[in-house]
Amino acid sequence: MKKTILMLLAGLPFIGMAQIVTTEFDENDDANIDENEVEVLNENEVEVLNEDVSETGFDFPEALTDANLDSLMNLYMTKTYLSTADDCQQLSENPDVSHEVYRDRLKRMPTIMDMAYNDVVRSCIDRYMVRLRRQVSYMLGAANFYMPIFEQALDTYQLPLELKYLPIIESALNPTAVSRVGATGLWQFMMATGKAYGLEVTSLTDDRRDPVKSSYAAARYLRDLYLIFGDWNLVIAAYNCGPENINRAIRRSGGKRDYWEIYPYLPKETRGYVPAFIAANYAMTYYCEHGICPMQSKLPAKTDTVMVNQNVDFAKVAAVCNIDIDMIRSLNPVYRKDMVPGYSKPSPLRLPLSDVSRFIDMEDSIYAMSGKREVKPAELVVEEPPVTTKPSRRERAQTATRAVYYTVKRGDTLSGIARRHGTTLAKVKRLNGLRGNSIRIGQRLRVK
């Protein structure tokens with residue numbers, strides 16, 4: 001027996017309403033998830049059993065692995081511009097908190113999305129509050145810089161503002177993060193999905209790494225997923241594993257459309273994704289109750305962009321304007337090769353507001369240094385001589401196997417050309433087989 005479900009066409013842009021296609025599946029298909037679909041990280045796998053969730057394992061999202069969080073703390077921006085607050089008493093250990101307190105705190109959070117509590121959510125909260133306390137402190141400091149960007153994008157599309165914590169579990173707030181499958185940036189866009197939502201990727205630029213552009217693209221993508229599923233937990237689960245996997249889990253669960261009811265049929269990382277999202281919201285709201293101090297941000301309070309229409313090297317900007325090149329990199333993660341490719345199209349360069357005026361004052365010098373090249377004038381080319389009439393022994397000695405050519409321009413005379421190149425009219429005529437003094441614009445003359 002066949003039945004039909006609605007499936008999202010992943011990777012296609014949406015216009016107004018989501019594009020869908022009906023796909024037939026056999027009800028007798030194997031109901032077990034193919035474990036080859038998801039790479040399992042054994043050290044991050046957790047077994048869970050309670051009355052709300054079936055006995056099954058789950059993986060923490062990739063961004064919450066130690067390696068990825070360590071990469072966040074090694075970022076120049078994090079190491080240089082975040083420091084420990086002097087007036088906050090950071091506890092070395094997490095205080096004991098009962099299930100009832102956790103459940104009550106989640107209920108009191110001002111969110112549209114359902115913040116459920118169970119053993120899986122508790123495991124994710126414990127990971128933040130116990131094992132990753134130092135990293136949470138770093139992310140709280142970095143959040144001061146990124147959260148206003150996320151909130152503006154989400155509010156533009158009238159989406160729940162608690163979605164601003166999605167990049168915490170996607171990238172640990174690292175704008176240059178790249179997953180093991182190639183997802184990139186704060187919102188971890190794959191190449192195809194990013195391009196479908198207007199994010200350009202070239203050898204020199206990657207809009208997936210642009211905090212502003214990627215945030216608006218993510219907001220549009222989340223809006224379109226909600227048009228399909230109508231449930232925010234399913235939306236963020238689909239953001240992680242793709243809408244096809246969510247529809248497959250819905251089918252295998254017998255048509256249920258609640259995240260916790262389709263939980264056993266999801267890929268392992270997606271089983272940990274919604275709980276990690278709930279835990280991230282909890283951690284960013286109740287960190288004080290767990291004795292975690294946010295790092296203080298020393299990032300520029302205000303920044304601005306200048307549009308450049310020539311290629312500009314970061315090193316030249318740093319040298320001329322006396323700006324740390326790592327600061328320029330941190331504020332411009334969209335550029336992959338320490339250069340703004342302004343020749344392709346006018347492109348923005350973000351700088352601390354206090355340095356923008358200096359850049360504008362020194363713009364010509366920066367362009368000159370960035371574009372400096374060793375080239376020969378177009379009208380004066382040195383090359384191997386063509387094989388023509390046999391030159392005299394004296395001419396062979398003078399040319400020394402090289403010939404110099406000149407292209408005639410408007411207003412030139414044969415005698416003037418000879419004089420400018422330190423030769424005689426007779427010699428120029430002889431080298432070019434000329435009988436008279438007539439020449440034409442564009443004519444190529446050998447002058448030596």
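Me: Which residues of helix 9 are buried?
Reply: Trp-232, Asn-233, Leu-234, Val-235, Ile-236, Ala-237, Ala-238, Tyr-239 and Cys-241. Buried means under 20% relative accessible area, exposed over 50%, partly exposed in between (1.4 Å probe, protein chains only). Helices (H or I, at least four residues) and strands (E, at least two) are DSSP runs, numbered from the N terminus. This is a predicted model: local features need pLDDT of at least 70, side-chain atom pairs count only at pLDDT 80 or more, and totals for chains, interfaces and linings use all residues. Residues are numbered from 1 along each chain as its sequence is written, and side-chain values use heavy atoms, with hydrogens and water left out.

Me: Why is helix 9 called largely enclosed?
Reply: Helix 9 spans residues 232–241, and nine of its 10 residues are buried, so the rest of the structure largely encloses it. The cover includes helix 6 (166–171), helix 8 (211–229), helix 10 (243–252), helix 11 (259–262), helix 12 (268–271) and helix 13 (273–286).

Me: What caps the N-terminal end of helix 9?
Reply: Asp-231 does: one of its side-chain oxygens is 3.1 Å from the backbone nitrogen of Asn-233. Just past the helix, Gly-242 has a positive phi of about 95°.

Me: What makes helix 4 oblique to helix 13?
Reply: The axes of helix 4 (residues 119–131) and helix 13 come within 8 Å and cross at roughly 50°. Angles under 35 degrees count as roughly parallel, over 145 as roughly antiparallel, 65 to 115 as roughly perpendicular and the rest as oblique. Helix 4 is therefore oblique to helix 13. Their crossing is right-handed.

Me: Which residues make that contact?
Reply: Helix 4 supplies Val-120, Val-121, Cys-124, Ile-125, Tyr-128 and Met-129; helix 13 supplies Pro-275, Ala-276, Ile-278, Ala-279, Ala-280, Tyr-282 and Ala-283. Contact means heavy atoms within 4.5 Å. The residues divide into 13 nonpolar, no polar and no charged. Ala, Val, Leu, Ile, Met, Phe, Trp, Tyr, Cys and Pro count as nonpolar, Asp, Glu, Lys and Arg as charged, and the others, Gly among them, as polar.

Me: How do you know what to call the angle between helix 4 and helix 5?
Reply: The axes of helix 4 and helix 5 (residues 133–156) come within 5 Å and cross at roughly 90°. The two helices are therefore roughly perpendicular. Tyr-128, Met-129, Val-130 and Arg-131 of helix 4 meet Arg-133, Gln-135, Val-136 and Met-139 of helix 5. This contact divides into five nonpolar, one polar and two charged residues.

Me: Is Gln-443 buried or exposed, and why?
Reply: Its relative accessibility is 13%, so Gln-443 counts as buried. Gln-443 sits in the loop between helix 20 and strand 13 (444–446). Beyond neighbours within four places in sequence, Gln-443 contacts Tyr-406, Thr-407, Val-408 and Leu-434.

Methods
A polar contact is a pair of N or O atoms within 3.5 Å; within protein, one must be able to donate a hydrogen and the other to accept it, and residues adjacent in sequence count only if both atoms are side-chain atoms. Axes are lines fitted to C-alpha atoms, for helices over the stretch in contact, and angles run from 0 to 180 degrees between N-to-C directions. A crossing is left-handed if the near helix is turned anticlockwise from the far one by less than a right angle, and right-handed if clockwise.
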